[in-house]
Amino acid sequence: MSLIKSLPPMLTAIGLGIALSACQTVGSKEAYRSAFERGATPGSQPQESATQSINAYTVADLKPGERPDQASTEAGLWMMMDRVEADLSTSGNRITDAKLNTYVNGVLCKIAGEYCKDFRVYIMRVPTFNASMAPNGTMLIHSGFLLRTKNEAQLTAVVGHEIAHYLRRHSDQRLKDTVDKTNAMIFVQLASIAAGVSSLGNIATLATIGSLQSFSRDNEREADGYGLALMVRAGYDPIEASKIWKRVIRERDADPDKKQPDAFLATHPPSDERNQALGELANSVENANELRTGEAAYQNAIAPLRASFMRDELAKRKYSTTLALFDMLAEDGHNLAQVHYFRGEIYRLRGDEGDLQHAISAYRKAIAEGDVPPELYRSYGLTLKRSGSMEEARQAFSMYLELAKDAPDHQMIQSMISGNI
Amino acid sequence: MLRTIQLAALAAAAFLVSGCVTAKTVEFKWQNDDRRMVLMPTDIQLMNMTGGGVEVPNAEWTAKAEGLFLTSLRDKLSEINSQVIESDTGLDQPQEQVKLIKLHETVGATIQNHLPGTAFALPTMPESAVWTLGSSTHALKARYGADYALFVHVRDSYTSGDRAAAIFVGALFGVHMQGGTQRGFASLVDLRTGDVVWYNRLLRAKGDMRNAKGARETADALLRGFPG
């Protein structure tokens, strides 16, 4: 019994040591740079990473076509994700548009090179800025991501980042990290109960959570740097990677409810850090400005679906951030009639002080650009009617009925024209 | 955190005491010549529970258990039902089938959570109510020419050496910790209506599908009360 009594404090100390050591990462800039250098030769053997926590689980990159050994934890992850993928393939949210899928797969193959066949892309109709990679090569791209990126180079920056998660086997590394740290945690908790100081167990739990998230951030830094190298190798201008984060920051700053990301619990490094680190790395690439951005090809590819992506953003009813996003799209200058129409829709739906006038002026800008959707005239008419310009409203409604002959709301709009509603 | 563990352990223990419960959603009897039943691809996953309680999926065990369990299931069914039809599996599966397996996972888990007579039974749900997968099951009836389908879903985790040590040390100090569990359910579905006509669940801290004997025992337990 005396042995057990003296053990717990010692175990506690050891456990805390394990849990906390991983928090001591090197300067984050170095983490990006070393991954960038390493990404120049994908498929390489393990070598020292600048990030100590990642070194603990150093692995060789997956080789093209490589499958994990059946007895490994990695194979378990693949099995689980194979099932998730089967579910995804039949998901109602999946965008199956053949042209868009062919385009995105083509871009993926340009940057994945000999790994091309290891990935399957699923484009999902979700209006958020996100993409993810499963350990088995299942890649998810949200429609909100496709709307927010400006060109092919920005698409490859994120695809490259996700490919890096796959090649560097980050899911398996994270699983091993989680298993080891929770193992340590449970014994620390038991030991602290035995020692009669259960508060130590709570500290250990917190330390473990913080340490797990810190490991996740280190993975993200590595994927950023590595992805940037893949992008340069495929001939894309690396400065576009940091520009994505500038766009994200601008949208975030427009959010009235924005919360400061919790530095302790965040799974990803702060956007400002990513913007800066990726920008500095890109500036160190020689003749980067001669590399391509692929803007026209990208905009052509998403053009047929862009209106539906924008409508999904409106449905979020997060007007401030959506306005910031649509303003950026207006600056990009593609299909301005469409962008101004949707800017008008934001003002019309929000209905704050002065928004009626903002909406009217946005609709007018759209009309001036030409080639607007028929629904614009309905919205324009409703806004004019609300602001008291009945004659102009009638004209807009008539235009709508002329352009949308089979409109289901034909009779209602007709009543508005005759002044019955 | 510890309080959470204790509460979770208590809740789990409460569940485990109830063992496996048979829920005949409706009194069901085969009509004589009406026993064509398609066996859907079994949805099985075996996991290793680590010291810290993380369930790590294990591909090797799962592959082995899938083979053993399927053999046991076929043996068991051949004793009570002579017209079992095999379904397409893997990439040969039609989309409708994949969707129905997904739907069954959700419906089956809901039945499991809200079984009449248990702590989380739905207070406003009459006992005569029938759970159903809906008319999308017609696609399976057309494809296989069967009137019934059996859906099976099992998740099975095993206590690792680390976990066993944690449980042992915990017990010394009066802390109860959960080891590996076997959770699963099987539903017999009438493909003409989509209704779940028979259902059984497993929720227990025993069972081992990694060997032939254990796999047969699990199949027996899961199909206990299956209409013969």
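This is a predicted model: local features need pLDDT of at least 70, side-chain atom pairs count only at pLDDT 80 or more; totals for chains, interfaces and linings use all residues.
**Entry: chain A overall**

I began with the secondary structure of chain A. I counted 18 helices and three strands there. Next I looked up burial. Of the 421 residues in chain A, 53% count as buried. Then I turned to contacts within the chain. I took those with a separation of 6 or more; residues 24 or more positions apart account for 69% of them.

**Entry: the interface**

How many residues of chain B are in contact with chain A? I found 34 on the chain B side, in contact with 30 residues of chain A. The area buried between the two chains is about 2500 Å². Carbon and sulfur atoms give 70% of that area.

I then listed the charged pairs. The rule finds two salt bridges across the interface of chain B and chain A. I looked up one of them: the side chains of Glu66(B) and Arg83(A) meet at 3.2 Å, N to O.

H5(B) gives the most, with seven residues. I also sorted this side of chain B by class. It has 18 nonpolar residues, eight polar and eight charged.

**Entry: the disulfide**

I searched all chains for disulfides. The count comes to one. The pair is Cys109(A) and Cys116(A), and I read 1.8 Å between their sulfur atoms. A disulfide is a covalent bond between the sulfur atoms of two cysteines.

Is Cys109(A) buried, partly exposed or exposed? I noted a relative accessible area of 26% for Cys109(A). Buried would need under 20% and exposed over 50%. Cys109(A) is therefore partly exposed.

**Entry: Pro270(A)**

Where does Pro270(A) lie? I placed Pro270(A) in the loop between helix H10 (239-253) and helix H11 (271-283) of chain A. I applied the burial cut-offs again. The relative accessible area of Pro270(A) is 38%, so Pro270(A) is partly exposed.

Last, I looked up the separation of Pro270(A) and Ala40(A). They are 230 residues apart in sequence. In space I noted 25 Å, C-alpha to C-alpha.

Notes:
Residues are numbered from 1 along each chain as its sequence is written. Chains are lettered from A and ligands numbered from 1 in the order in which they are written. Side-chain values use heavy atoms; hydrogens and water are left out. Contact means heavy atoms within 4.5 Å. Buried area is the accessible area (1.4 Å probe) that two parts lose on being put together, summed over both. A salt bridge is a side-chain nitrogen of Lys or Arg within 4 Å of a carboxyl oxygen of Asp or Glu. Helices (H or I, at least four residues) and strands (E, at least two) are DSSP runs, numbered from the N terminus. Ala, Val, Leu, Ile, Met, Phe, Trp, Tyr, Cys and Pro count as nonpolar, Asp, Glu, Lys and Arg as charged, and the others, Gly among them, as polar. A disulfide is a pair of cysteine sulfur atoms within 2.5 Å. Buried means under 20% relative accessible area, exposed over 50%, partly exposed in between (1.4 Å probe, protein chains only).
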